[in-house]
Each structure stands twice: as structure tokens, then as C-alpha cells.
Amino acid sequence: MATMAECRSALDGLSASLAAADGDVRGAAALDRSLSCHIKDLDATFTGRLENGRIEVSGHHPGPPRERAQVRLALTGDDLVALVSGRLDFAKAWAAGRVRLEAGFRDLLRLRKLL
């Protein structure tokens, strides 16, 4: 089971990948939205913002998200680490119910380019 530190590192790695992207991916990452990432097996939530093509994590707390973020992700710590490292395909994980992504319809259309 991934630790909180490994999950935070994975989010930082995802942020770096988004910042280095170009083309359609860069455009999709240019949203300015609140973000939550609930790590189900650790029962903890990272909060922050997706802005300027980066994920800015502002903190974490125990339990599910306290407020409804504009972009919400829920998965296990191992799946987060595997997604960011490229060992797990997002579409397959989403179809299997291992990953849950919630956002407004327009945001989902833009975010699909990232996934």
C-alpha cells in the first residue's frame, strides 16, 4: 500500500508532467479549478488547485473531501502511483471502477485530453 508521502510525490510528478506538456495536453491543463484527490485506502484527501498547467497541492486531511472541489478524483494510493508512473492506463482503470473522476461537463471534455 502506497504511503501518504508516495501519493504526494506522485501528485508532484503529475504536476511536473503537466507543466512539461505541450499542444492539446498543455491547453487542457490550463484550467483554473479547485481540485481534490481522495486516497480511498488511506482515507485521506489532498486538496489544491489545477492552475497554470500545474497541480498546486495546498494540503491534506484525513477522511473524504470536506468541500466539493470543481475537479474530484478518487482512487487508491497504489493506483495513483501506478497511473503517474505509466504502469496503469487511466481509461482501463476508470472503466473497471478503480478510478473515479468527477467534474463539470465542459471540464471533463477538456480533461479527457490529459487522460
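## Basis of the model

The model is predicted, so local features require pLDDT of at least 70 and side-chain atom pairs count only at pLDDT 80 or more, while totals for chains, interfaces and linings use all residues. Residues are numbered from 1 along each chain as its sequence is written, and side-chain values use heavy atoms, with hydrogens and water left out.

## Strand pairing

Helices (H or I, at least four residues) and strands (E, at least two) are DSSP runs numbered from the N terminus; two strands pair if DSSP finds at least two bridges between them. Strand 1 and strand 2 run antiparallel and are joined by 7 bridges, with R33 having L50 as its bridge partner in strand 2. The hairpin of these two strands has 4 residues between them, and D43 there takes a positive phi near 45 degrees.

Strand 2 is also joined to strand 3 by 8 bridges, again antiparallel; A44 has P62 as its bridge partner in strand 3. Their hairpin has 2 residues between the strands, and N52 takes a positive phi near 55 degrees. A further antiparallel pair, strand 4 and strand 5, is joined by 4 bridges, with R100 in strand 5 as the bridge partner of A74.

## Faces of strand 5

In a regular strand the side chains alternate between the two faces of the sheet.

## Nonpolar core

A nonpolar core is a set of buried Ala, Val, Leu, Ile, Met, Phe, Trp, Tyr and Cys residues joined through side-chain atoms within 4.5 Å. The largest such core has 26 residues, among which C37, F46, L75, L80 and V99 touch the most other members. At least two residues each come from helix 1 (4-20), strand 1, strand 2, strand 3, strand 4 (71-75), helix 3 (77-85), helix 4 (90-95) and strand 5 (100-103). Helix 1 gives the most, with 4 residues.

Leaving aside neighbours within four places in sequence, L80 is in contact (heavy atoms within 4.5 Å) with C7, A10, L11, C37, I39 and L75.

## Largest cavity

A cavity is a set of points, on a 1 Å grid over the protein atoms alone, where a 1.4 Å probe fits but cannot get out; lining residues have an atom within 4 Å of a point. Grid points are joined across faces, edges and corners, and a volume is the space filled by probe spheres set on the points. The whole structure has 1 cavity of 30 Å³ or more, and the largest cavity holds about 40 Å³ of space.

Its lining consists of L11, L35, S36, C37, F46, T47, G48, I55 and V57. The lining comprises 6 nonpolar, 3 polar and no charged residues, where Ala, Val, Leu, Ile, Met, Phe, Trp, Tyr, Cys and Pro count as nonpolar, Asp, Glu, Lys and Arg as charged, and the others, Gly among them, as polar.

H38 is found in strand 1 and is buried, with a relative accessible area of 14%. L111, in helix 5 (residues 105-111), is buried at 5% relative accessibility. Beyond four places in sequence, L111 is in contact with L31, L50, V71 and A103.

Conventions. On a 1 Å grid over the protein atoms alone, a cavity is a set of points where a 1.4 Å probe fits but cannot get out, and a pocket is an open set with protein on both sides within 12 Å along at least five of seven lines; lining residues have an atom within 4 Å of a point. Buried means under 20% relative accessible area, exposed over 50%, partly exposed in between (1.4 Å probe, protein chains only).
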